[in-house]
Amino acid sequence: MNDFLPDTAPGFDQPIAVLKHCHGRIRKQLSTLERLLSHLPEHGADEAARQAAGAVLKYFEKAAHLHHDDEEQNLIPMLRAVAQGDDAATLQALAPVILQDHKDMDTLWQDLHEQLTAIAEGSASTLSASAVQRFCQRYSAHMEREENTMAPMALRLFSPAQMAQLGEAMARRRGIDAGAVAGSSAAPNAPAIGEAVADLRKDYGQASLNEDDVLDDPMLQFTRWFEQALKAQVNEPNAMNVATVAADGRPSSRIVLVKQFDERGFTWYTNYDSRKAQELRANPYAALLFFWSELERQVRIEGRVETTSAEESDKYFHSRPLKSRLSAIASQQSAPIDNRAALERNYEAVAASAGDAPARPANWGGFRLVPERIEFWQGRRSRFHDRIVYERQEDGSWARQRLQP
Ligand SMILES: Cc1cc2nc3c(=O)[nH]c(=O)nc-3n(C[C@H](O)[C@H](O)[C@H](O)COP(=O)(O)O)c2cc1C
């Protein structure tokens, strides 16, 4: 385990959480320093005082510098590269203050360094109260500044790839294999992570959505947003959640890939014996959900589901790579099977007998949801989001209105 981070530290795949965690460690050291101040007059440089002084020295001599370097060499330059408008102005004012803080804190630390070294060695027991106070106050204000502005800005502006880049740089600085960053570097700790979820708070503010911005036809509006999702290279832009409801009224949901959308609706392909297909047979109403986190957008779509024509399903089936077609034939989707080996045997048997141009199995094809309601959601600051919903009218036209966030 790295010396400078305790076992419960978040992984470097969450670099902003790591920086915040470092602040927690700094606050602990500052409070040790303050306790040492009141301990020394009564107990002198006893064992407890020597250990406390040693711990504070160790932290501020090394780990604190790594933390400053993370900000100076990575976080601030990366923010400068992406910040625009108000963010750029905030950063322009803030970055010099942060850098000056680092310099001033280094100077203030020099005052304490000598005194703490003597205490750690047991050769002196004096610690300047004013030096401790100045150091603690400056550090606390500095951390607050960063937590209130730079950290939320990074969470808002950095793409997953930029977060990974920051995490890798920070890990490298601490001599940790950057390759390990992609996974979780911290051991799984379900209760702690479960609680920490409450602190995951991202403010949105990239864009707004006004009644005047949106197009009259929600399918054209969807097309516009989809193109923007493609342009922004969001992760799996055509992945959508499909929620169905079984005959007993219980809902279930899963991700599928939308393969076509047009004035008729949203089409995906699947197995007609699967759980979703069985539920749709019992209740043809479903809900789709796209979440494009990089754009702080979601689109909710509700309507009735129909099957695509055999010709359409054939056309799409034959456009797929051969191995995907063989998989579709070999898998009785949603049915239990003993183990992976049995699944592989089924695939091999199909591959051996199906030839190069297997026919589409009758139980595989498309579903199309014909929308009756489409809602566009754009994240805004402080959870005061924009929502515009379209509802299909009896005459086939669309009416739209704003919903409260
Ligand atoms: C990103 C992603 C894309 C998926 N695309 C499809 C798809 O297009 N069709 C499909 O049948 N299953 C797809 N799946 C698998 C489904 O989520 C699900 O496991 C499967 O359809 C069985 O669901 P069911 O048992 O509820 O019918 C995808 C899963 C993921 C995570």
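Predicted model: local features only at pLDDT ≥ 70, side-chain atom pairs only at ≥ 80, totals over all residues.
At what angle do α1 and helix α4 pack, and how far apart are their axes? The angle is about 165°, and the axes lie 10 Å apart.

**Helix packing**

Two packed helices are described by the angle between their axes and the distance between the axes.

| Pair | Angle | Axis distance | Handedness |
|---|---|---|---|
| α1 (residues 15–43) and α2 (residues 47–82) | roughly 150° | within 9 Å | left-handed |
| α2 and α3 (residues 85–121) | about 165° | 10 Å | left-handed |
| α1 and α4 (residues 129–157) | about 165° | 10 Å | left-handed |

Start with α1 and α2. Their axes cross at roughly 150°. Angles over 145 degrees count as roughly antiparallel, so α1 is roughly antiparallel to α2. From α1, the contact uses L19, C22, R25, I26, Q29, T32, L33, L36, H39, L40 and H43. From α2, it uses A48, A49, A52, A53, A55, V56, Y59, F60, A64, H67 and D70. By class, this contact has 15 nonpolar, 5 polar and 2 charged residues.

Next come α2 and α3. They pack at an angle of about 165°, which makes α2 roughly antiparallel to α3. The crossing is left-handed. Residues of this contact divide into 15 nonpolar, 4 polar and 4 charged.

Now return to α1 and α4. Their angle is about 165°, so α1 runs roughly antiparallel to α4. α1 passes α4 in a left-handed crossing. On the α1 side, the contact is made by I16, L19, K20, H23, I26, L30, L33, E34 and L37. On the α4 side, it is made by A129, V132, C136, Y139, S140, M143, E147, A151, A154 and L155. The classes here are 14 nonpolar, 2 polar and 3 charged.

**The ligand shell**

Which residues come nearest to the ligand? Of the 15 residues around it, these are R254, T270, S274, R275 and S334. Three elements each supply at least two residues of the shell: β2 (251–257), β4 (265–271) and α8 (275–282). The largest share comes from β2, with 5 residues. By class, the shell holds 6 nonpolar, 5 polar and 4 charged residues.

Terms used:
Residues numbered from 1 in each chain as written. Near = placed C-beta within 6 Å. Helix = DSSP H or I, 4+ residues; strand = E, 2+ residues; numbered from the N terminus. Nonpolar A, V, L, I, M, F, W, Y, C, P; charged D, E, K, R; others polar. Axes fitted to C-alpha atoms, helices over the stretch in contact; angles between N-to-C directions. Parallel < 35°, antiparallel > 145°, perpendicular 65-115°, else oblique. Left-handed = near helix turned anticlockwise from the far one by under 90°. Contact = placed C-beta atoms within 7 Å.
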